[in-house]
Amino acid sequence: MKKLNSIFKFNLTSFVSFVAIMLMLSGCTLEWEMGDPPGSGNASRMNSDRLRVIFLDVGQGASQLLISPSGKTMLIDAGNNDREQAMLDYLREYGVTRLDIVIGTHPDADHIGGLDRVIDHIDVGEIYMPKIQANTKTFESLLLSIKNKGLKVKTAKAGLVLEWDEDVEVTMVGPVKASDDRNNMSAVVKVVYGNTSYLLTGDAERASEKDMLESGADLRADVLLIGHHGSKSSTTLSFLKKVAPQYGVIQVGDNNYGHPTPTVLERLRKQGVEVYRNDLHGTVEIASDGHTYLITTER
Ligand SMILES: [Zn+2]
């Protein structure tokens with residue numbers, strides 16, 4: 001399948017060529033509809049319907065915005081407390097007025113810091129979080145926003161199938177086991193659209209990766225959110241080989257943790273993974289039409 005994936009890469013300055021490609025594609029669709037070749041109905045629909053997975057640049061932290069082919073929305077994490085306004089600005093920029101699903105992968109500030117304000121301001125359908133608490137103001141503030149909104153938290157855990165868009169499969173493959181380690185309690189989400197796939201790992205570390213491997217879940221994915229901002233505690237070789245991604249995204253900004261670590265970068269290089277990073281590329285979007293990926297970077 002990998003070899004069939006063609007890739008269009010461009011930055012914002014290539015917007016003109018993007019428009020040209022879109023015009024060509026819509027031209028093809030029209031032709032197919034008029035000529036009515038056998039079996040083209042689904043393909044022409046696929047060409048216009050795209051799953052967008054946007055790795056928002058929130059500095060040192062993580063946030064992924066997903067927009068489905070039919071316009072459903074999902075937000076996984078929302079960066080740190082100082083990114084609250086930036087999160088609201090992003091949502092406005094992408095035209096998001098409602099979040100059908102919100103997932104707080106685990107209760108660390110660099111993931112849930114911005115979630116309280118998002119929930120205060122945006123209509124939310126469902127919210128998922130793992131069964132672990134943090135004794136912090138950030139976590140308490142999130143719980144308060146959830147309560148004020150009248151939402152009930154659903155437990156994020158392996159085996160869940162999330163109803164989101166009928167053409168997109170969304171499942172949780174982690175956390176497999178209860179742990180008192182917040183990172184290893186991270187909700188790990190797998191998203192499949194047609195022949196394309198994404199694995200979004202939160203800050204899951206080697207213990208969680210081992211549990212996921214042992215669970216027998218299908219971990220294969222073309223796009224991998226590199227665990228824990230590229231820390232050496234994550235992305236073990238056995239996990240990486242099982243996922244066998246073509247693209248890796250590291251959500252990282254200025255930090256004193258040494259993220260991403262040279263060990264992980266070297267491991268990714270050796271496995272032939274093409275790496276995108278928020279600190280180098282700004283916001284990274286990897287969209288899919290079900291067959292091919294369209295990668296857009298802010299810089
Ligand atoms: Zn983190």
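Reader: Which backbone atom does the side chain of Q60 reach at 3.0 Å?
Author: In this predicted model, local features need pLDDT of at least 70 and side-chain atom pairs count only at pLDDT 80 or more, while totals for chains, interfaces and linings use all residues. Residues are numbered from 1 along each chain as its sequence is written, and side-chain values use heavy atoms, with hydrogens and water left out. At 3.0 Å, the side chain of Q60 reaches the backbone nitrogen of G253.

Reader: Thanks! Which side chain joins that of Q60 in a polar contact of 3.2 Å?
Author: A polar contact pairs N or O atoms within 3.5 Å; within protein, one must be able to donate a hydrogen and the other to accept it, and residues adjacent in sequence count only if both atoms are side-chain atoms. At 3.2 Å, the side chain of Q60 has such a partner in the side chain of N255.

Reader: Is Q60 buried or exposed?
Author: Q60 sits in the loop between β2 (51–55) and β3 (64–67); strands (E, at least two residues) and helices (H or I, at least four) are DSSP runs numbered from the N terminus. The relative accessible area of Q60 is 15%. Under 20% counts as buried, over 50% as exposed and in between as partly exposed, with a 1.4 Å probe and protein chains only, so Q60 is buried.

Reader: On to the metal: why is the arrangement of the four donor atoms around the zinc ion irregular?
Author: Donors are N, O and S atoms within 2.8 Å of the metal (3.2 Å for Na, K and Ca), and sites may look incomplete since water is not among the atoms. Here D110 (OD), H111 (NE2), D203 (OD) and H229 (NE2) coordinate the zinc ion at 2.0 to 2.1 Å. Four donors are tetrahedral if all angles lie between 85 and 135 degrees; four are square planar and six octahedral if opposite donors are over 155 degrees apart and all others between 65 and 115; anything else is irregular. The arrangement is irregular because the angles are 86 to 150°.

Reader: How many residues apart in sequence are the parts that H111 and H229 tie together?
Author: The donor residues are spaced D-H-x91-D-x25-H in sequence. H111 lies in helix α4 (residues 109–112) and H229 in the loop between β12 (223–225) and α8 (237–243), so the separation is 118 residues.
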